[in-house]
Amino acid sequence: MPGGMPMLDCESVMRQLWDFLDGELTPERMAAVRAHIEMCKRCYPQHEFEQSFLDAVAARRRQHSDPQRLRRRVADALRAKGLSDA
Ligand SMILES: [Zn+2]
């Protein structure tokens, strides 16, 4: 365990997960969230789930010019499954 890395609880990780997957956090935050996900069996499945969604979004983004609408649909799908309160 590297010293000085802030430990996050699951709730903070979940709140930052979208930004993490989008690469929009600071390098320190990215590292802290990644470290948590690698250790936490509760967060990891959700990370995998959202990453697969984002991969699909990224693939579509190259073909379509409406990423905002697509992203909202993805968020709605997650919420419907009870996986996100975003
Ligand atoms: Zn966790």
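Me: What does Ile37 touch, not counting residues up to four places away in sequence?
Reply: Ile37 touches Val13, Cys43, Tyr44 and His47. Two residues are in contact if their C-beta atoms, placed from the backbone, lie within 7 Å.

Me: Where do the numbers come from, and what kind of model is this?
Reply: Residues are numbered from 1 along each chain, as its sequence is written. The model is predicted: local features need pLDDT of at least 70 and side-chain atom pairs count only at pLDDT 80 or more, while totals for chains, interfaces and linings use all residues.

Me: How many helices and strands are there?
Reply: The protein has 4 helices and 0 strands, in the order α-α-α-α from the N terminus. These are DSSP runs numbered from the N terminus, helices being H or I with at least four residues and strands E with at least two.

Me: Back to Ile37. Which residues make up the largest nonpolar core?
Reply: Ile37 is one of 8 residues there, along with Val13, Met14, Leu17, Phe20, Ala32, Val33 and Cys43. A nonpolar core is a set of buried Ala, Val, Leu, Ile, Met, Phe, Trp, Tyr and Cys residues joined through C-beta atoms within 7 Å. Buried means 20 or more other C-beta atoms within 10 Å of the residue's own, exposed means 12 or fewer, and partly exposed is in between.

Me: Which elements give two or more residues to this core?
Reply: H1 and helix H2 (27-39) do. H1 supplies the largest share, 4 residues.

Me: How much of the protein is buried?
Reply: 14% of its 86 residues.

Me: At what angle do H1 and H2 cross?
Reply: Roughly 120°, with the axes coming within 10 Å. Axes are lines fitted to C-alpha atoms, for helices over the stretch in contact, and angles run from 0 to 180 degrees between N-to-C directions. H1 and H2 are therefore oblique to each other. Under 35 degrees counts as roughly parallel, over 145 as roughly antiparallel, 65 to 115 as roughly perpendicular, and the rest as oblique.

Me: Which residues make the contact of H1 with H2?
Reply: H1 contributes Val13, Gln16 and Phe20, and H2 contributes Arg29, Met30, Val33, His36 and Ile37. By class that is 5 nonpolar, 2 polar and 1 charged. Ala, Val, Leu, Ile, Met, Phe, Trp, Tyr, Cys and Pro count as nonpolar, Asp, Glu, Lys and Arg as charged, and the others, Gly among them, as polar.

Me: And how do H1 and H3 pack?
Reply: H1 (residues 10-22) and H3 (residues 43-61) have axes 11 Å apart at an angle of about 20°. That makes the two helices, H1 and H3, roughly parallel. Cys10, Val13, Leu17 and Leu21 of H1 meet Cys43, His47, Glu50, Gln51 and Leu54 of H3. That contact divides into 6 nonpolar, 2 polar and 1 charged.

Me: New topic: Asp19. Buried, exposed or partly exposed?
Reply: Asp19, in helix H1, counts as partly exposed because it has 14 C-beta neighbours inside 10 Å. Leaving aside neighbours within four places in sequence, Asp19 is in contact with Glu24 and Leu25.

Me: Where is Arg71?
Reply: Arg71 is in helix H4 (residues 67-80). With 17 other C-beta atoms within 10 Å, Arg71 is partly exposed. Its C-alpha is 10.0 Å from that of Ala58, 13 residues apart in sequence.
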